[in-house]
Amino acid sequence: MVEPERACGERRRAPILWSVARVAEMTLEPTLRSANMITGVWRQFGVHAFEGTLTLDDMARMETFGNLWHTRNRGKVVEMAVIFPSKARLGGEERARIAKIIRRWEMTRTASATVILASGLVGSMQRSVLTGLMMIAPPPHPIKVFGTTADAATWLAPYIQAVCGVDATAEGIRAAIDVLCASFRATGPAVPPGQRTQTQSRA
């Protein structure tokens, strides 16, 4: 016979264990990776994380992968871009190429979020500039800029659920993004030691 207090404790733990199991089910499978970027996909939801210099070769691989993936996976998608702090800057050719890649499949997106993780005044300015550019030339879908992946995941959750299913909980989305980003940063970006930011040095 199970003691009343123990039985009660087991009942209290059951919902917690069930919730953890639900969160663990969602995994962003790394499908494209280079020294300074990674793309993870779960059903119709994709996350792209960047740190350091994104080369034209990286962009070519992104474009090829995107074309192939969309050919094999029809339907609407939701995407998130996560940009880690870096001193790297895109030149004119690189900016034009990445803009082309973003526009290529914009009609298939239900929503997208960009997370700029830089802190302080620099981060605020970068987020403000990007938000302003989006207002000048808005894409054909909801889009928003954030300072944390948690806030972005909460905002995107309803859109992700609409294309991926109701089991895509906000908690599961946040956890999956954290795991993908941690895996990416564990190997470290290809940035010379003298150019690494304080955030990168602590990682």
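User: Which residue of strand 6 stands opposite Thr114?

Analyst: This is a predicted model, in which local features need pLDDT of at least 70, side-chain atom pairs count only at pLDDT 80 or more, and totals for chains, interfaces and linings use all residues. Residues are numbered from 1 along each chain as its sequence is written, and side-chain values use heavy atoms, with hydrogens and water left out. Strand 5 (residues 109-116) and strand 6 pair in the parallel sense over 4 bridges, where pairing requires at least two DSSP bridges between two strands. The residue of strand 6 opposite Thr114 is Val145.

User: How are helix 2 and helix 3 oriented to each other, roughly parallel or roughly antiparallel?

Analyst: Helix 2 (residues 56-72) and helix 3 (residues 92-104) pack at about 10°, with their axes 10 Å apart. Angles under 35 degrees count as roughly parallel, over 145 as roughly antiparallel, 65 to 115 as roughly perpendicular and the rest as oblique. The two helices, helix 2 and helix 3, are therefore roughly parallel.

User: Which residues of helix 2 make the contact with helix 3?

Analyst: Contact means heavy atoms within 4.5 Å. Helix 3 contributes Glu93, Glu94, Arg97, Ile98, Lys100, Ile101 and Arg104. From helix 2 come Leu56, Met59, Ala60, Met62, Glu63 and Asn67.

User: Is Ala35 buried or partly exposed?

Analyst: Ala35 is located in the loop between strand 1 (29-34) and strand 2 (37-42). Buried means under 20% relative accessible area, exposed over 50% and partly exposed in between, with a 1.4 Å probe and protein chains only. At 40% relative accessibility, Ala35 is partly exposed.

User: How many disulfides does a search of the whole structure find?

Analyst: A disulfide is a pair of cysteine sulfur atoms within 2.5 Å. Cys164 is buried, at 9% relative accessible area, and Cys181 is buried, at 9%. For the whole structure, the number of disulfides found is 0.

Methods:
Axes fitted to C-alpha atoms, helices over the stretch in contact; angles between N-to-C directions.
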